[in-house]
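Here is a short briefing to keep beside the viewer.

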Amino acid sequence: MKLVIFSVCLLGTFLPALTQCTSEFHLNGDYILGGLFDIHYANDVNYHDRPVAIDCSRQPFSPSNYRRFQMMRFSVEEINNSSSLLPNVSLGYEIIDYCSDIRNFPAIFKLLSVNGLIRPWSEPDQYLSKLIAMVGPFTSTQALTVAPFFMSDLIPMVNYGSSSSVFSNKVKFPSFLRTVHPSSDLIEVMVAIVQHFNWKWVAFIISDDDYGKDGLELFVKKIRDTEICLAYTKSLSTNTNYSEMFQTIELQKIRVLIVFASQVAAVDLVKSAIQLNITNMVWVAGDTWSLNNHLQNMEGIENIGTVLGVTQPISLIPGFGDYIRSSKSQQECENDGQQSFCNQVCNCSHWTSQDIINADPSFSFSVYSAVYAIAHALHKTLQCGESGCHNITVYPDKVLAELEKSNFTLLNMTIRFDEKGDLQLEEYPLVFWNHSGEAQMFGFYRFHPTVELSINRTKIRWHKDGEVPSALCSPECLEGYARRQNSVHRCCFTCKICPSGTYVNVTEDPFSCKSCLETEWSAEGSTSCILRLVEYIPFTHTSSILVMIVTCVLVGVTAATSVLFVINYNTPVVRSAGGPMCLLILVCFGLSSLSVFFYFGKPTPASCVLRYFPFLLFYTVCLACFVVRSFQIVCIFKISAKFPKLLDWWRKYNGQWVVITAAFIIQAVLLITSFSIDPPRPYNETAWYQDQIVLFCSLNVKATCCSILLLLLLGLLCFIFSYMGKDLPKNYNEAKSITFCLLLLILTWIIFVTVYTLYHGKYIQMLNALAVLSSLSCFLLWYFLPKCYIIAFQPQKNTQQHFQGLIQDYTKTISQ
C-alpha cells in the first residue's frame with residue numbers, strides 16, 4: 001500500500017513533464033519494450049528530504065552508454081524491417097536516460113502505469129499496458145533498485161550489463177535474465193590469468209557499489225584454496241585518496257592490480273595513476289573498462305605498466321555504423337548542440353557520429369542479443385508463421401516463459417539461457433593494450449563445451465624488459481626448503497631447510513617438512529623419501545655358510561666325543577670327568593648349538609624364539625653340570641677330609657642331580673614365563689643408519705633378566721669352586737681346565753658386549769652367533785678333547801691305579 005501511495009504521489013508530480021518524448025527515446029508500436037540506459041551518469045551523493053527527480057543533463061555524458069542506447073534503437077528497427085521475425089507486428093520502445101541509482105523513479109513508474117495508475121500484483125486480464133519486457137539497466141546497483149518493481153508482475157528484465165551474482169537467485173528475481181557473463185565467470189577468468197603467470201601477491205581494487213562488493217566476495221572465495229594472496233583491497237569512491245592508496249601499494253611491493261570496478265571509477269583510478277607517475281604495474285582490467293579507447297589513447301598511459309583486460313564477447317554488427325551516420329536525430333544534435341530527450345537535455349555537440357561508432361563496443365552485442373531474445377520470445381508467444389502472427393493477448397509472463405526457452409542463432413552465436421537466467425556464452429576474449437593505443441587480443445577463456453584457457457604470450461609486450469613481471473611477497477624457496485609463514489599471508493614466508501629424515505612436497509604442503517616413514521629415509525633438503533635398504537644376513541651369505549659349517553663341525557665333534565665316552569664309559573677318565581653327567585653336557589651342547597642356525601635369514605617370530613630359548617635353557621644345564629662337577633672335585637680333595645658327613649649326604653641323596661634338575665626346572669619356568677609375557681619378535685632397527693633398516697630380534701632384557709641372572713650365578717659358583725681347586729695335583733687338572741674354560745667364556749662375552757656397544761650393523765648378529773659358538777667350543781676344546789686325547793693316545797693314564805696314586809699323593813701332601 002505504501003508503495004502504491006508513493007508511486008501515485010510521484011506520478012502526480014512528474015508525469016506531466018514526461019509526456020513529450022522525442023523520437024529517439026520513444027517509438028510507437030504494437031508492443032512496447034522498455035529501455036534503461038545511463039547515457040548520463042550521476043556521480044554526486046547529495047541527499048534530499050523529499051522525492052526529487054535528478055536532472056540528468058547536468059551529469060557527465062557517456063559516449064559508450066549512448067552507443068548502447070543507439071544499439072537498442074537499431075535492433076528494434078532492424079526487427080521491424082524483418083520479414084521473418086514478427087511479420088506484420090511492430091515493436092516500439094520507451095527508453096529512459098537512467099542516470100541515477102536512486103532518483104529516476106518517475107520514469108520507471110511511467111513505464112509500469114496503466115492509465116496513470118500502478119497496479120502491482122493485479123490480475124493478468126487487468127493489465128492493459130503494451131510494455132512486454134524491459135532491457136537494462138546497465139549497473140548492478142541500478143538493477144537491484146528497479147528490479148523489484150518488475151518482478152512482482154513477472155515482467156521480463158533482460159539485462160545487458162548487471163553481472164552481480166545475486167541475480168542468479170531465481171526466487172528473488174524470477175523474471176530476470178541477462179545476456180552477459182555473471183561476475184563469477186569474470187572472477188574465474190581473472191584468477192586463471194593470475195595463476196597462469198604465477199602471480200601470487202596482488203591487490204584487488206573495486207568500486208564502492210554492489211558490483212564491486214560482489215566481485216570482492218567472489219574473488220576471496222575463489223582464491224581460498226590457491227596460492228594467490230590478497231595483499232590489499234580498496235573501494236573507490238569520490239573521496240578516495242589515490243596518493244595514499246598507491247603509497248600503500250608501493251610499500252607492500254604489490255605489482256599486480258586487479259581492477260574490478262565500474263567504468264567511471266576505473267577511469268578516475270587510471271588517470272590518478274598517470275598523474276602520480278605510477279609505473280611498472282600490471283593492470284588486470286575488468287570488462288567494464290578493458291576496451292575504453294579514451295584511456296587507451298590517454299597521454300602517459302604507456303608509463304603505468306602493462307594492461308591486460310577481460311572483455312565481453314565482441315561481434316561486429318552489420319549496418320550499425322551506417323545507422324549511426326544516417327541517424328536524423330544525431331545530425332540534429334550535431335547542428336543544434338542541444339536536444340531535449342525525454343525531459344533530459346543532451347549536450348552532445350562535441351561528439352560526432354564517428355566518436356559514437358568508435359566508443360567502447362563492450363556490451364553492445366549484449367544489448368543487441370537482449371532485444372532479439374525478446375523479439376524471438378514474442379514471436380513464439382504470438383505463434384507467428386510465414387503468413388503472419390495470431391491475434392493473441394500477450395502478457396509479460398507468457399513472454400517470460402518463451403524467453404527462458406530461447407534457443408536461436410544470432411551472428412553465429414547461440415542465444416540460450418541456463419536455469420539461472422544467464423546467457424550461455426562460450427568464451428571471454430583476453431586483450432592487451434599495445435603502444436598504438438589499441439586493445440589487441442592475445443587469448444581467450446572458454447567455458448563451453450570444456451573449460452580452456454588459451455594465451456599467446458608472444459603477443460604481449462611487457463613493460464619490464466619483455467619478461468613476465470613477478471608478483472611475490474617472498475621469493476620462492478630453493479628445492480628442499482619449506483616455507484615458514486611470518487605474517488597473516490601465506491605468500492609471506494622465510495625458508496628453512498628440511499632436516500634429514502624429512503622432506504617437503506611443495507604441491508601438497510610447502511609449509512611443512514613431513515617425516516619419512518620408518519621404511520624410508522632422506523638426506524637434508526630432500527623433496528621425497530627413498531626406501532631404506534633392508535639389511536640382514538641371509539643363509540646364502542658367505543659368512544653365514546662358514547659359521548654354519550663350523551657349527552656342524554662342532555656338533556660332529558660333540559657327537560664323536562659322546563660316542564667315544566659311551567664306548568669308554570667305565571674307564572677312570574670318563575668316570576672322573578663326570579660319567580653320565582658328561583653325556584648330559586655333550587647332549588646339551590648339541591641342543592644349544594641349534595640356536596646358531598636361527599641367527600641367519602629374515603627374522604620371524606619362531607626364529608626369534610629359537611634364537612634364544614635353546615641356548616639359554618640347555619646352556620644352563622651345562623653350567624649346572626660344571627658347577628656340580630667343580631664342587632665334587634673340591635669336595636673330594638678338600639671338604640671331605642674336614643666334613644666327611646657332607647660327602648655322605650651328597651652321595652646318599654644324589655645331590656648333583658638335584659642341583660642340575662633344579663637349575664633346569666627353574667630356568668625353564670623363567671623362560672616360559674618371560675617368553676609368554678613378551679616373546680622375542682622381529683624388530684626393525686632404524687636408529688643406527690638413516691638409509692638402512694637392520695632386521696633384528698628384540699629381546700626384552702627386563703623380562704628375561706632372571707634367566708640371565710641364573711646363568712651368571714651358575715657361572716660365578718662354577719668359577720669359585722673351580723678356583724678353589726687350583727692347587728690340586730698337576731696331573732689331575734680338571735678344576736684348572738674348568739677355570740680356564742670359564743675365563744674364555746667371560747672373555748668371549750666381554751668382547752661381544754664391547755663390540756655391540758661400538759659397532760652397529762647387521763654383522764652384530766654374526767658376532768652373537770660366534771659368541772654362542774665360542775661359549776660351547778671353549779668347554780668342548782679345553783675340557784673334553786684333552787680327555788679324548790688321553791683315552792685315544794695315553795691309555796696308561798686311563799687306569800684305576802693311576803688315579804688312585806694321584807689321590808693318595810695329594811692326601812699325603814695335605815696331611816703333612
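Two strands pair if DSSP finds at least two bridges between them, and the strands themselves are DSSP runs of E with at least two residues, while helices are runs of H or I with at least four residues, both numbered from the N terminus. This is a predicted model, in which local features need pLDDT of at least 70 and side-chain atom pairs count only at pLDDT 80 or more, whereas totals for chains, interfaces and linings use all residues. Residues are numbered from 1 along each chain as its sequence is written, and side-chain values use heavy atoms, with hydrogens and water left out.

**The protein overall**

- The secondary structure comes to 24 helices and 27 strands.
- Of the 816 residues, 52% count as buried; buried means under 20% relative accessible area, exposed means over 50%, and partly exposed is in between, with a 1.4 Å probe and protein chains only.
- Take contacts (heavy atoms within 4.5 Å) between residues at least 6 apart in sequence: 69% of them join residues at least 24 apart.
- The protein exposes about 38,100 Å², and carbon and sulfur atoms supply 57% of that area. Such accessible areas come from the Shrake-Rupley method with a 1.4 Å probe, and for residues only the protein chains shown count as cover.

- β2 runs parallel to strand β3 (residues 91–97), to which 7 bridges join it; here Ile32 has Gly92 as its bridge partner.
- β2 also runs parallel to strand β4 (residues 131–135), this time with 4 bridges, and Gly35 is partnered by Val135 in β4.

**A sheet of three strands**

- The strands of an open sheet with mixed pairing follow the order β25-β27-β26.
- At the edges stand β25 (533–535) and β26 (681–685); each has a single partner strand, so one side of each is left without a neighbour in the sheet.
- Neighbouring strands of this sheet are turned by 30° against each other on average, direction ignored. For such angles, axes are lines fitted to C-alpha atoms, for helices over the stretch in contact, and angles run from 0 to 180 degrees between N-to-C directions.
- β25 pairs with strand β27 (residues 692–698) in the parallel sense over 3 bridges, and Leu533 has Gln692 in β27 as its bridge partner.

**A hairpin and its salt bridge**

- With 3 residues between them, β21 and β22 form a hairpin.
- Their pairing is antiparallel over 3 bridges, with β21 at residues 502–505 and β22 at residues 509–515; Thr502 is partnered by Ser515 in β22.
- Lys514 forms a salt bridge with Glu508, with 3.3 Å between the closest N and O atoms. A salt bridge here is a side-chain nitrogen of Lys or Arg within 4 Å of a carboxyl oxygen of Asp or Glu.
- Lys514 is partly exposed at 29% relative accessible area, whereas Glu508 is exposed at 55%.

**Other salt bridges**

- The count comes to 14 salt bridges by this rule.
- Asp422 and Arg178 form one of them, their closest N and O atoms being 2.6 Å apart. This pair links distant parts of the chain, 244 residues apart: Asp422 is in the loop between β15 (413–416) and β16 (427–433), and Arg178 is in strand β6 (residues 176–178).
- Asp422 is buried, at 5% relative accessible area, and Arg178 is buried as well, at 0%.
- Glu427 and Arg446 meet in a salt bridge at 3.1 Å, N to O. Glu427 lies in strand β16 and Arg446 in strand β17 (residues 439–446), 19 residues apart.
- Glu427 is partly exposed at 22%, and Arg446 is partly exposed at 24%.

**A nonpolar surface patch**

- Leu713, Leu716, Leu717, Ile720 and Met724 form a nonpolar patch on the surface, together having about 390 Å² of accessible area.
- Patches are made of residues with over 30% relative accessible area and no salt bridge, joining like charges within 9 Å and nonpolar side chains (Val, Leu, Ile, Met, Phe, Trp, Tyr) within 5 Å.
- Leu717 lies in helix α21 (residues 705–724) and counts as partly exposed, at 31% relative accessibility.
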